[in-house]
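These are brief notes for a colleague who has not seen this structure before. Please read them with the model open.

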Amino acid sequence: MKPIVTLTVNPALDAACVADEVVPMRKVRTRDERYDAGGGGINVARMIRELGGQAVAFYLAGGITGETLGGLIERDGLAAVRVPIAGDTRVSHTVYETSTGHEFRFTPEGPEVTEAEWHNCLEVLSVVDGDWFVASGSLARGLPADFYARICGMMRERGARVAIDSSGAALHHALRAGVHLVKPSKRELENLLGRKAVTPVDEEALAREVVDSGRAEIVALTLGEKGAVLASRDRVLRLASPKVETRSAVGAGDAFLGALVWALAIGRELGEAFAYGIAAGAATAMAPTTEHGRKADIERLVAAIRA
């Protein structure tokens, strides 16, 4: 089996810490500092590896922070290919406030990618050979709105199944090109189709509309703590998220996508793959700050979902 290929065009060096109380205009003392390589495709690749699969993470990075990001990816043992850019890779910050249980997340916009740099990225990807390709995360500044769509077309010509997780114009153009799987949040899908989903029936109808239009073969509509809806040509499934103690929302959606794609890639039945996605998202929500869910927890939650 070929490794699953992921792409992150606007990755982040994720910094996380804990504070008793976040107070404006005062020095906030923190502890339990942690640094991880972050960004949609990198997180997806990390989850695939956690579950025993193989993945290669392609990512754009530059500057001193880009070097640090590469070091963190190497520390985690991820197979990766860096596409160099001149701009500094962004640094995101997550602060967990113990007095309230609130999580504060600060996400910068990131560097601007030049036309020459994104053309180079397309050239690098033009020789990639994989059965699955996952483009996950927001577009970096400077990239054309149809950047993911161009890659989707390229990968589909080689017979790869494409999964997309993005929003706005990038998602719109990618779906016009056609993908195998798309993982929107409820808000992203509402914005895409121009109407609200007030009831569960509405949610399922929106997901099914994307499938029926031919823009995606599978739609995995994530609903946060309420679970997710999965629509294909044959059926619509809904699974509630397992009841767990949520410690952080960072990376839960990426974990869901990584586990879902991994399970499909190894031949698991669609409903079974869906359960793995739900379990991985919940297991990651259980983990503190920027940590991802662990295989033992995921398997335990999958067993509970089956029951």
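Leaving aside neighbours within four places in sequence, which residues is Leu125 in contact with?

1. The model is a predicted one. Beyond its neighbours within four places in sequence, Leu125 has contacts with Leu7, Phe58, Phe133, Ile151, Met154, Met155 and Arg158.

2. Leu125 also belongs to the largest nonpolar core, which has 48 residues. Together with Leu7, Phe133, Phe147 and Tyr148, Leu125 touches the most other members of that core. Helix α4 (residues 147–157) supplies the largest share of this core, namely six residues. Another core, of 38 residues, lies apart from it and includes Trp132, Val134, Ala265 and Phe274.

3. An open sheet is built from four strands, ordered β3-β2-β6-β7, with mixed pairing. At the edges are β3 (30–38) and β7 (102–106), each of which pairs on one side only. On average, and with direction ignored, neighbouring strands of this sheet are turned by 15 degrees against each other.

4. Within the sheet, β2 (residues 12–19) pairs with β6 (residues 90–97) in the parallel sense, over eight bridges.

5. Helix α2 (residues 63–75) lies across β2, β3 and β6. Relative to β3, α2 runs at about 85 degrees.

6. Helix α1 (residues 40–50) is mostly covered, with nine of its eleven residues buried. Among the buried residues of α1 are Gly40, Gly41, Ile42 and Asn43, and Arg46 is buried too. After α1 comes Gly52, which has a positive phi, near 100 degrees.

Conventions. Residues numbered from 1 in each chain as written. Predicted model: local features only at pLDDT ≥ 70, side-chain atom pairs only at ≥ 80, totals over all residues. Heavy atoms only, no water. Core = buried A, V, L, I, M, F, W, Y, C linked by side-chain atoms within 4.5 Å. Buried < 20%, exposed > 50% of the residue type's maximum accessible area, 1.4 Å probe, protein only. Helix = DSSP H or I, 4+ residues; strand = E, 2+ residues; numbered from the N terminus. Contact = heavy atoms within 4.5 Å. Pairing = 2+ DSSP bridges. Axes fitted to C-alpha atoms, helices over the stretch in contact; angles between N-to-C directions.
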